[in-house]
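Visitor: Could you take me closely through one part of this model, with the criteria behind each term spelled out?

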Amino acid sequence: MRIPVSALLGMSITTIFVLIAIFAPWIAPYPIESAVGKVWENPSTTYWLGTDTIGRDILSRLLYGAQVTIFVALVSSLLAFSMGAFFGFLAATRGGWIDMVLSRAVDLMMAVPSLIVALVVLSVLPLNLTVLILVMGILDSTRVFRLSRAVAVDIAVMDYVEAARLRGEKQGWIIFREILPNALSPLVAEFGLRFIFAVLFISTLSFLGLGIQPPLSDWGGMVRENKDGLVYGKAAALMPALAIAVLAISVNLVADWVLQRTSSLKGGRGA
Amino acid sequence: MHPLLKLVVQRLVLGLLLLLAVSVVIFLGVEMLPGDTAQAILGQSATPVALANLRAQMGLDQPPWVRYFTWLAHALQGDLGKALTNNKDIAHAIGQRLGNTLFLAVCAAVIAVPLAIGLGLIAARHHGRWPDKLISGVTLAMISLPEFVAAYFVIFLLTQVVHVFQPVSMVFPGMGFFAQLKAVALPMIVLVMVVLAHMMRMTRAAILNVMQSAYIETAELKGLSPMQVIWRHALPNAIAPIISVVVINLAYLVVGVVVVEVVFSYNALGQYLVDHVAKRDLPVVQAVGIIFAAVYIGLNILADLIGIIANPRLRHPK
Amino acid sequence: MPKIGTGDLLEIRNLRIEATAYPPGEKPRHLMLVDDVSVTLAKGRVLGLIGESGAGKSTIGLAAMAYGRGGVRLTGGQVLLNGRDIRTAGTKGLQALRGREVTYVAQSAAAAFNPAKRLMEQVIETTLLHKVLSRFEAEARAVDLFRKLGLPNPESFGRRYPHQVSGGQLQRAMTAMALCPMPDLVIFDEPTTALDVTTQIDVLAAIKEAIHDTGVAAIYITHDLAVVAQVADDIMVLRHGKTVEYGSADQIINTPAEAYTQALVSVRSIDHTEKSSAAPVLRAEGITARYRGTDFDVLKNVTVDVAAGQTLAIVGESGSGKSTLARVITGLLPAGAGTITFAGRVLSPDLASRTKDDLREVQMVYQMADTAMNPRQTVGTIIGRPLEFYFGLKGEAKRARVQALLDEIEMGAGFENRYPAELSGGQKQRVCIARALAAKPKLIICDEVTSALDPLVADGILKLLLDLQAKEGVAYLFITHDLATVKAIADKIAVMYRGEVVRYGQKSDVLAPPFDDYTDLLLSSVPEMKLGWLEGVLKSRKMASAGN
């Protein structure tokens, strides 16, 4: 199997980010909340990326921020994924009124941009991690639903699924042994895309002041804290922005590659 | 009735029903969530009597259905109620800001649409070679960026590295058209970037899809030059998907505009919405949310209609 | 061999064509598509190119227009058209020649016409582009061609859009489009392959007459030797991009020299003597069925039975309802009326309420072996699953039985761990047959099992099925549109037309006169491997209609 350079690069960077998130407390040079330096110091050997609007070390906050951003994005995309895939397969294999009800409900949810729905909902609900993860997960599950339903419907009409049905196989065998193995690649690629979407979504909400609330802080929130510095030529806000961009692009590179491989099914072996 | 007309009417009715359903969800769905508007206004320390009084005053003691229809009836007459936070008329506030949002979105669209189609054509024409790879790579990076991140990169570049613009966009009534244009230049550039990437990628895919058809090979085997192939055979079939792509992405502008307005403190609808979400001013949020939803649904239906009208099978039935 | 002379219309000398394939995630692969092929074609003559899929016949046809599909390159030899090498003609030169001196008729006219433009616009496009005729003259010529090709309402035909006319009509319209600019050479690339036999014969006759009337030269590409024998003066047999045999049509058909050509000529001549009538294992009685949400019956009062250990062939064209009958028997589409009796018991119309033995004893083999096997399962799993599911075989016992089945389909050891993608078309179909056999069925429904295969491979499958029937005593319900296949395998035949059985009985009775109108049309439309067959059929049809 040959992995293109771009995908390899994406994988390595993504792995590094995940490791950073896990080990943040051990590798961060300064505590997250203490103002260790002066306001908006430029990068130096003491503060590698400079200090922020009240003199906290940006690198340390960035490392801790990775924890929050990646955790929230991962959990909400896992939620989106398991819900969306479950209902998508259910709709595809059962058909009938179940399919009808689920599909129309999803149509309705997707008729309005996710951000607008999130804003409306968050104007009522309390802003905490659980609510954010649930809202993002449910909103995003609609896209997973559409994809997994479409993929499963395509596979369900294949002759080999019909052959299994004629053999007398149970629903469980048909879903897990005949359909799922063939739907896996597009779904894996989709998971990457959903994760990116979740990163962008939570960052945007935090940037708008409607996401992660202090004392916790994520990358989007850090951009918000430091945005005023930009007027004075302080690049502090760009550091978390850059982190978001690099993570999103890396995952995208991997997902792109998985997606391209999908077109060449070879029984799972790289011939 | 001509089957085409029937389809168009069906689609329009469907769109209206969808909008109605969305308004129900935005109104009643939100009502069902835990949270209390009266409590939100008066704070945690409010006495039960004060809460009850406020609820009665706002009509919150009535069943949700009654309130929904009252609200709908008023909304259809242009009365969106009063904001909880400052008791000002919502419709009036929206009227002041809608123009600014539209001005920004239209300016962005005017630049982004031809640029996206042009770049999409170039990428499709040189499919697989370096212009395509370059354009596709850059746009892949761009769609990986949230709007506000793109915005700050642009701000830093154009106000700090190269001193071209002011980082804040102030527009106020009575401002001249060109002054206004200059003021929105920066947010416009950001919006263009964000929309351009999606629009261009989808345009490229739409053209490639058409270029792979057997009738394009037929045209080449007829001895047509590449330009003749594109003009006579590819374009008549690609135009509908391209217009659909453009319209769908204009709908995407609706989301982009919210964030970009906040970044630039641009006094328009998006900023208004976000402010009032933070203040938990539900009537404002609902009203603005439905306006955004209506624009989004409207544009998506327009894209559908164009697809239907452009289909020769539907225009010339057997 | 025809002389390699000068002054011929088309001369291809030592043509070599190569391509590079880029399978995603793998190293690019270099392919030699055509290797050292030479042909000559004089004015007004017709050359047939014949071979199985991958033989390079279409690639050579397109090379006569110096055109390579997606990454295909002409890397050696010369293509001389009217005395000049078109490989060196340059872009402008090629544009001047394509659509003027050489034109092209594609296999799928339905895809080759631009859906957004009226037929007339497209038919006369090159004639106007190359300034052969004025618009008025071009339209008149197009109408004339429409008439010659037997299209309905030739005056107004051109005003329609492609989706408004039938497949056979589109194929004729494409022929008109190719002939309109008065070219010297027309490339016909499998122009009748996608059509039903009864349509094919009309289109074939129309093309032949048009070639004759206009005096144009043609290259006729097909995988069906019997078809090309009707239109070609010379025939070249190709295999894996190389010339196998090249000669006059008469020589190739009547005295083929090479073993491969002999095999192609004698294909479909499997000798099968029908067995005498026996007790039925399956009886479908008075079956009427329709698809959900439609308001017409796809099957109307169909009654057939399959004798134990014998073969019933269901013959019909697309839309005859023959595949629907298979769906009704398997229970995928419950019949609206009628009963299915199998091995002495009445089967429930609906799949869900059949017993495991009901399911086991009726097995199915599909047309497309590709989609009939889960690409993520190995051959061992595919064949092993019915053993496990029906008989509870596990471990070594299962493995041994899988191997025995692989031996039965003549595939031997080492295939167990392969995935479907690693098998050839014929091998895939054999694995599907083994999967059906694994259930020890009394009846196997074969739905067009040979139609997607090259003729020699298809012959191999038919022989295998006959051997297995002799050994295992299994009955076949054999659905096909191909009468040659029917002759090779059937004991009994049911001819279906628009949902009804129009003729039914022992093979010798069904294939012997007197015929009903439809069976007569169907039988007489199947191309035979002899020269002059087409003229003979057309003549006798003309006489018959004159006599009426």
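Guide: What follows is a close look at a pair of helices in chain C, and then at a further helix of that chain. This is a predicted model, in which local features need pLDDT of at least 70 and side-chain atom pairs count only at pLDDT 80 or more, while totals for chains, interfaces and linings use all residues. Residues are numbered from 1 along each chain as its sequence is written, and chains are lettered from A and ligands numbered from 1 in the order in which they are written.

Helices α18 (residues 425-438) and α19 (residues 455-472) of chain C pack at an angle of about 20 degrees with their axes 10 Å apart; helices are DSSP runs of H or I with at least four residues, numbered from the N terminus, and axes are lines fitted to C-alpha atoms over the stretch in contact, with angles from 0 to 180 degrees between N-to-C directions. α18(C) and α19(C) are therefore roughly parallel, a term for angles under 35 degrees. Their contact (C-beta atoms, placed from the backbone, within 7 Å) involves residues including C:Ile433 and C:Leu437 of α18(C) and C:Ile461 and C:Leu464 of α19(C).

Helix α13 (residues 322-330) of chain C has eight of its nine residues buried, so α13(C) is largely enclosed by the rest of the structure; buried means that 20 or more other C-beta atoms, placed from the backbone, lie within 10 Å of the residue's own. Among the buried residues are C:Lys322, C:Arg327 and C:Ile329. After α13(C) comes C:Gly331, with a positive phi near 90 degrees.

Notes
Helix = DSSP H or I, 4+ residues; strand = E, 2+ residues; numbered from the N terminus. Parallel < 35°, antiparallel > 145°, perpendicular 65-115°, else oblique. Contact = placed C-beta atoms within 7 Å. Buried ≥ 20, exposed ≤ 12 C-beta atoms within 10 Å, placed from the backbone.
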